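Please have the sequence and the coordinates open while reading.

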Amino acid sequence: MENAIEIRHLAYSYPDDTATEHVVFQDLSLDIEQGSFVAVLGHNGCGKSTLAKHLNAILLPEGGTVTVYGLDTKQEENLLAIRQQVGMVFQNPDNQIVSNVVEEDVAFAPENLGVPSEEIRRRVDEALEAVGMAAYKKHAPHLLSGGQKQRVAIAGVLAMRPKTIVLDEPTAMLDPQGRQEVVSIVEKLSREQNITAILITHHMDEAICADRVIAMDDGKIIADGAPKDVFTKIDLLQSVGLTAPQTTLLLKALDDDGCALPLDALSVDDCAQALFRQISQAKA
Ligand SMILES: Nc1ncnc2c1ncn2[C@@H]1O[C@H](COP(=O)(O)OP(=O)(O)O)[C@@H](O)[C@H]1O
Ligand SMILES: [Mg+2]
């Protein structure tokens, strides 16, 4: 499988007020496969946003390299190509709206790139369709719900035809319904359009449907694997201020009390089935 992103020995520090500097990464290496859906977890300040900003050359490595579709982010001549390949969605939907009409908002980035208007119309329609917002084309973005605004922001990124989308806590300001809308769109884009999706989140349950979960602490990767492998490491997650999904915690509590239950039944459906089997056996 082709890698969308290759990070080798990344080192990065922010300058500090005191003459010292704030070291975020000392030696971080990571590959992200094209088309995969990767969730990145970690408590506040562990370096998630700093990592995200390295993926489309908002920040440049101090040490090591970040390579995006074979392009070194440190080479200035690669900047435009990198920004076209890797789209970013941020936490606050209101900060990402630039126009008073949804379709104009989505057209903004390709217009700036000089894409012909016929092509822009096609891209805008496709992008709004992909996020389930086609019916809101003529609406005013500020009247939409938080979840709808984030879906418009995602459409704006899709209109650039990126191969990778990085979403930095896109659900942090949304209600549960909005969160659900955004996560299922992200999953769909990865599954159906082979777009690489990198979802940074605080909500464990949003990571359940990812192909891969990366848990970070203090600029280091402490767990990396399939959700069922990472989330069953409950003690490790708790040691760095994270937790497992509610389903896993419930199964673990029952397991500790002597019911033999599979901790890797992560989705509510799988968890319910595991409990149902246990209850049926107990009755028989
Ligand atoms: N612009 C900045 N200047 C100085 N320090 C920063 C800046 N942005 C982030 N930091 C520090 O770098 C560390 C990592 O931050 P960040 O990547 O934003 O973490 P996260 O997104 O996981 O919450 C934190 O300790 C934070 O305080
Ligand atoms: Mg952050």
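## A hairpin and its neighbour

In the hairpin formed by β4 and β5, with two residues between the strands, Tyr-69 adopts a positive phi near 50 degrees. Helices (H or I, at least four residues) and strands (E, at least two) are DSSP runs, numbered from the N terminus, and two strands pair if DSSP finds at least two bridges between them. β4 and β5 (residues 71-72) run antiparallel and are joined by two bridges, with Thr-67 standing opposite Asp-72 of β5. Strand β1 (residues 3-15) is likewise antiparallel to β4 (residues 63-68), through five bridges, and Glu-6 has Thr-67 in β4 as its bridge partner.

## Basis of the model

This is a predicted model, in which local features need pLDDT of at least 70 and side-chain atom pairs count only at pLDDT 80 or more, whereas totals for chains, interfaces and linings use all residues. Residues are numbered from 1 along each chain as its sequence is written, chains are lettered from A and ligands numbered from 1 in the order in which they are written, and side-chain values use heavy atoms, leaving out hydrogens and water.

## The open sheet

Six strands, in the order β6-β7-β8-β3-β9-β10, make up an open sheet with mixed pairing. Because β6 (86-89) and β10 (220-225) stand at the edges with a single partner strand each, one side of each is left without a neighbour in the sheet.

Within this sheet, β7 (residues 164-168) and β8 (residues 196-200) pair in the parallel sense over five bridges, and Val-166 stands opposite Ile-198 in β8.
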